[in-house]
Amino acid sequence: NGSSGYNLGGLKMKVEKLRKTCGYILYIKSIIALVVTIILIFGGITMAIMGKHMVDNPGQGDKTGFEGAVGSCSTAFFGALGIVFGIVSIVVGCLLTLDAIFSMIHSRRILRNDSDIAKSIKVCIATEIVSVIVGIFITVAGIANIKEAVGIILLVVAVILIAQSIATIVLLSKLKKLNSVN
């Protein structure tokens, strides 16, 4: 019986270490995600405002006739694209803000070892799955801009995000399993 008590103590220490590791990873990631979402939201607002300004004031410059019309049409078109990308950025930023807030709340519950951490583990696994999906979209954006420095930066960020999310999902799954045994 002494050996089974030792194994149980070792299991509790393993669960505790895994719980703290997952909790800190998710808490730090949620803070970084909140900063990124603020940038997305304000960047989206700026893009939408600048796009609206381009649509309202396409200007013809020095050109008249066909060249002026093409210039005005191009400016209005890219202004409309700016509005669309700005709105999409704001919506994505708001959704990711909710994801980061859920992750922050539940990672703190995991860190504090609340009585019902099983629910928090499930929520954190869900937020990490969302992170993998976001990472896939970032990968596509990086591949689309691969010839520019922004594309390479996006690919690096996407690889880090996907690897971290998958590793955290694995750790959370182990924690869930060990927590149910414990």
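1. At what angle do the axes of helix α2 and α3 cross, and within what distance do they come? The axes of α2 (residues 65–112) and α3 come within 9 Å and cross at roughly 145°, where axes are lines fitted to C-alpha atoms over the stretch in contact and angles run from 0 to 180 degrees between N-to-C directions. Helices here are DSSP runs (H or I, at least four residues), numbered from the N terminus.

2. This is a predicted model, in which local features need pLDDT of at least 70 and side-chain atom pairs count only at pLDDT 80 or more, while totals for chains, interfaces and linings use all residues. Residues are numbered from 1 along each chain as its sequence is written, and side-chain values use heavy atoms, with hydrogens and water left out.

3. The contact of α2 with α3 (heavy atoms within 4.5 Å) involves, among others, F102, H106 and I110 of α2 and I121, C124 and T127 of α3. Its residues divide into 9 nonpolar, 6 polar and 2 charged, with Ala, Val, Leu, Ile, Met, Phe, Trp, Tyr, Cys and Pro counted as nonpolar, Asp, Glu, Lys and Arg as charged, and the others, Gly among them, as polar.

4. Leaving aside residues up to four places away in sequence, L172 touches C22, L26, I110, I121, C124, I125 and E128.

Technical notes:
Helices (H or I, at least four residues) and strands (E, at least two) are DSSP runs, numbered from the N terminus.
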